[in-house]
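Dear colleague,

I am passing on the structure below, together with a short account of what was found in it. Please look through it with the notes beside you.

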Amino acid sequence: MTWVDFPNLLPLHSPTDLPPLLATANQTANEAANGPLILAGVLLSLVVVYLASKLGGELCARIDLPPVLGELVGGVLIGVSALDLLVFPEGGEDGSGSLLMHLLQTTSTLTPESLTSVFTAQSEVISVLAELGVVILLFEIGLESNLKELIRVGPQATVVAVVGVVTPFVLGTGGLLWFFHTPVVPAIFAGAALTATSIGITAKVLAEIQKLTSGEGQIIIGAAVLDDVLGIIVLAVVASLAREGQVQIGNVIYLIVSAGVFLVGSIWLGRLLNPILMSLMERLQTRGKVLIPALTIAFLLAYIADVIQLEAILGAFAAGLILAETDKREELIKQVVPIADILVPVFFIVVGARTDVSVLNPFVPENREGLIMASFLIVVAIVGKVVTGLTVFGKLGINRLAIGVGMIPRGEVGLVFAAVGSASGVLSKPLEAAIIVMVILTTFLAPPFLRIVFTEQGDVVEKPATSISDSSD
């Protein structure tokens, strides 16, 4: 019997096509077989994440430090800097150095041939969960914020944000050019990395010490949001400069216009449509009639912000501000807290796990030049943000030092600058290490300092009630 006898059964592809087809089929089969192993890896990762989060958070809470600091430290301990339990593909890691992958290999059917693909997929899932965590965090911050108060402190927040971007950028770039004779483009890139502010870390600390809705807290949050927008624009400019040697003015104008239109337009439109949304919620009869529509709006605005080259967290924050204006605000906050308890710790643990503190080791000769540069960048990073508090006008009795300290942490935003600079090849190894050291220390120093400056200025730091801060309890 031949194919000629049954022409309708002739293969759709010629014999020469069979090897690629077989390879594709084998790849698909392997991916299907790896599915349960990927799930097992994710579950094991979450066990490690939650244990590290709780141990670190509880320890810091008992010695009167912000629990978020414990989560960051917990992330460092289980990450690339110490135990290698939770590592990521950055830097060429293929999973062979992950103790978690070895544990999975020991307790399951994971083969050495499948280890890298399972590791990559598991890392992507954890990274996505971390991103969802910060989206939920910013949505909750928006719900806990007061839009009218944010608008009222808008002028002060704008000045703080602009000064907090311009001052460290000028001091950092100028200092690297003058003292270290760094080439122009790398100096500009490092100066740009100094402009960042991690709204997630600062907001979490403010919530933990019950200062999120204070005048200082609202100025810090408003300035940090504007800092995020300005940081995106600065990053686009320096990335273009590193890549092409020139700045694409059209792209910069697009980012400025799209950021303004998105933030103002989404809040205006949201407030306009709030009555319709409330009416819809009242008509729904199934579980989640308040939470699901709210999360739908948050994710939709986060998606829009992401696709127009802004940050997804800006969309989530805007959604929180919109829904905070409704009579469902308190109910929403209560229902979002358990989701935040699940996802937000993943974000902070992942930030810590990705942080390689080995660059702080002065006994490694390659680190020494970077540490000298880092010392300069750290001073600029702190001074450049602390002075922003002095620019607050029209506010009697305001804690200006607290505002400046609240703008210090660079967190994951600073790491993004370092990653883009490293990928572009524009940064030397010492300068890249210096930026990473600056990000690490500003991220870890700011939370305890923020609590101290509020206490020393005579403000009462209360024990957190049920709110956003409970995600660390």
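Leaving aside residues up to four places away in sequence, Thr 202 touches Ile 220, Gly 406, Pro 409 and Leu 450, where contact means heavy atoms within 4.5 Å.

Two notes on the source belong here. The model is a predicted one, in which local features need pLDDT of at least 70 and side-chain atom pairs count only at pLDDT 80 or more, whereas totals for chains, interfaces and linings use all residues. Residues are numbered from 1 along each chain as its sequence is written, and side-chain values use heavy atoms, with hydrogens and water left out.

As for the chain as a whole, its secondary structure comes to 17 helices and 0 strands. Of its 473 residues, 52% are buried, and among the contacts with a separation of 6 or more, 78% are between residues 24 or more positions apart.

The aromatic rings come next. A search of the whole structure finds 3 aromatic pairs; rings of Phe, Tyr and Trp (its six-membered ring) pair if their centres lie within 6.5 Å, and planes under 30 degrees apart count as stacked, over 60 as edge-to-face and the rest as tilted. In one of these pairs, the rings of Phe 179 and Phe 376 have centres 6.3 Å apart and planes at 65°, so this pair is edge-to-face. It links distant parts of the chain, since Phe 179 is in helix H6 (residues 154-179) and Phe 376 is in helix H14 (residues 365-386), 197 residues apart. Phe 179 is exposed, at a relative accessible area of 57%, whereas Phe 376 is buried, at 17%.

Phe 376 also pairs with Phe 180, with ring centres 5.7 Å apart and planes at 55°, so that this pair is tilted. Phe 180 lies in the loop between H6 and helix H7 (184-193) and Phe 376 in helix H14, so the pair ties together parts that are 196 residues apart in sequence. With 26% relative accessibility, Phe 180 counts as partly exposed, and, residues up to four places away in sequence not being counted, Phe 180 touches Gly 175, Ile 372, Met 373 and Phe 376. Phe 180 and Met 373 are 193 residues apart in sequence, yet 7.9 Å apart in space from C-alpha to C-alpha. Phe 179, Phe 180 and Phe 376 form one aromatic cluster.

Elsewhere, Arg 354 lies over the face of Phe 88, at 4.1 Å from the ring centre; a charge sits over a ring if NZ of Lys or CZ of Arg is within 6 Å of the ring centre and within 35 degrees of the ring normal.

Turning to the helices, Leu 100, Met 101 and Leu 104 are buried in helix H3 (residues 99-107). These residues cover an arc of only 100° around the axis, which puts them on the same side of H3, the arc being that of the directions from the helix axis to the C-beta atoms.

Finally, two loop residues deserve a look. Asp 84, in the loop between helix H2 (67-78) and H3, has a phi near 55°, a positive value in a residue other than glycine, and Asp 84 is partly exposed, with a relative accessible area of 25%. Gln 210, in the loop between H8 and helix H9 (215-244), has a positive phi of about 60° although it is not a glycine, and Gln 210 counts as partly exposed at 31% relative accessibility.

Methods: Helix = DSSP H or I, 4+ residues; strand = E, 2+ residues; numbered from the N terminus. Buried < 20%, exposed > 50% of the residue type's maximum accessible area, 1.4 Å probe, protein only.
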